[in-house]
Amino acid sequence: MEHKKLKIIDYFVYFFILIVVIVLFYFHYHTNKGTKAIVYINNKVVKIIPLSTNGIYSFHAKLGKFTVEVIDGKIGVIKTNCPEKLCKKMGFINRKGSQIICIPNKVVIKISGNGEVDDISR
Amino acid sequence: MIFPDDYKIKKNDLSLIYYVLLAVLLGYFEGLIPKPFPFLRLGLGNIIILHLIIHNKYKNAFYADLGKVFFSSFFLGKLLTPMFLMGLAGTIVSFFVMILGHKCKLSLYTISALGGLFHNLTQLLVLFLLFHFYINFLFLSIAILFGTIAGTINGIIYTKFEKILNDFI
């Protein structure tokens, strides 16, 4: 069946996709690192955490205690009561614009640089 | 009665029922495979859609596509959840992309890869538009990469089971 043969246009498509993926990776690892993390619980700013000093911070979220830690300029979730623990899987982040979100706890952690706090009311 | 008295079940209807069932079954078995990332799956049901599109049965492919999404969501208890919306948007967009790929006479591996890629991309778009989830470049690149890989794997799996599927076209 002629559908199985890979023609030149197929190689072009795969190559194009590879280029796009590489370019996106490059963009990601070269965006600026943020200086502070803004913690939103229930869409309200609860704390602004500087990423310069290591530390552990605990909050009271919808499902209970919610703990984050700052190590080496990155912030990540270390203790949470949500069932799926997707927020923990998001790892430690430090790039401007990156987020960690826990939907059941209604927690959003955003990384921002200087003077770039955005007020989104949803 | 729903059907008029002289209605005889057509071969096309049987074929469609068979394919939708198969797609739902494949989706179920795929759910038994553990997945490291929450929203990135192999999408085995898309093998059926790929098969129908390659054989130019666009209308049946569309019905099978919708049927796959609705019935598997129904049986998994995920109807009308956010994941269902993402899956629905993803399959519809990937369906049109696969038709476009078929019209451009791409090979089945590329059609499947593009379908998987756009499926993931659309899911990210729904996340961004509906749930205000900021998508950074890393998510985009992972979605595209895993989408193409999953699509290519689907294409390879399809070539192994082609003969069985051809019996019901």
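**Loop between β6 and β7, chain A**

I started with K106(A), which sits in the loop between β6 and β7 of chain A; helices (H or I, at least four residues) and strands (E, at least two) are DSSP runs, numbered from the N terminus. This is a predicted model, where local features need pLDDT of at least 70, side-chain atom pairs count only at pLDDT 80 or more, and totals for chains, interfaces and linings use all residues. Residues are numbered from 1 along each chain as its sequence is written, chains are lettered from A and ligands numbered from 1 in the order in which they are written, and side-chain values use heavy atoms, leaving out hydrogens and water.

I looked up the phi of K106(A) and found it near 60 degrees, a positive value in a residue that isn't glycine. Most residues other than glycine have a negative phi. K106(A) has a relative accessible area of 39%, so I noted it as partly exposed (buried is under 20%, exposed over 50%, partly exposed in between; 1.4 Å probe, protein chains only).

**Sheet, chain A**

Next I followed β6(A) to β7(A), residues 107-112: four bridges join them, and they run antiparallel. I101(A) stands opposite V108(A) in β7(A). I then traced the open sheet of four strands, in the order β2-β1-β7-β6, with antiparallel pairing (two strands pair if DSSP finds at least two bridges between them). β2 (44-50) and β6 (99-102) are at the edges with a single partner strand each, so one side of each has no neighbour in the sheet.

**Another positive phi, chain B**

I checked K105(B) too: its phi is positive, about 60 degrees, and it is not a glycine. I found K105(B) in the loop between α4 (82-103) and α5 (108-131) of chain B. K105(B) is exposed, at 58% relative accessible area.

**Core**

I then went inside. The largest nonpolar core has 33 residues, and I17(A), I49(B), L50(B), I53(B), L114(B) and Y158(B) have the most contacts inside it. Such a core is a set of buried Ala, Val, Leu, Ile, Met, Phe, Trp, Tyr and Cys residues joined through side-chain atoms within 4.5 Å. α1 of chain A supplies at least two residues of this core, and so does each of α1 (11-31), α2 (46-54), α3 (58-76), α4, α5 and α6 (137-166) of chain B. α2(B) gives the most, with seven residues.

**Back to helix α1, chain A**

Last, I looked at I19(A), which lies in helix α1 of chain A. I put I19(A) down as partly exposed, because its relative accessibility is 37%.
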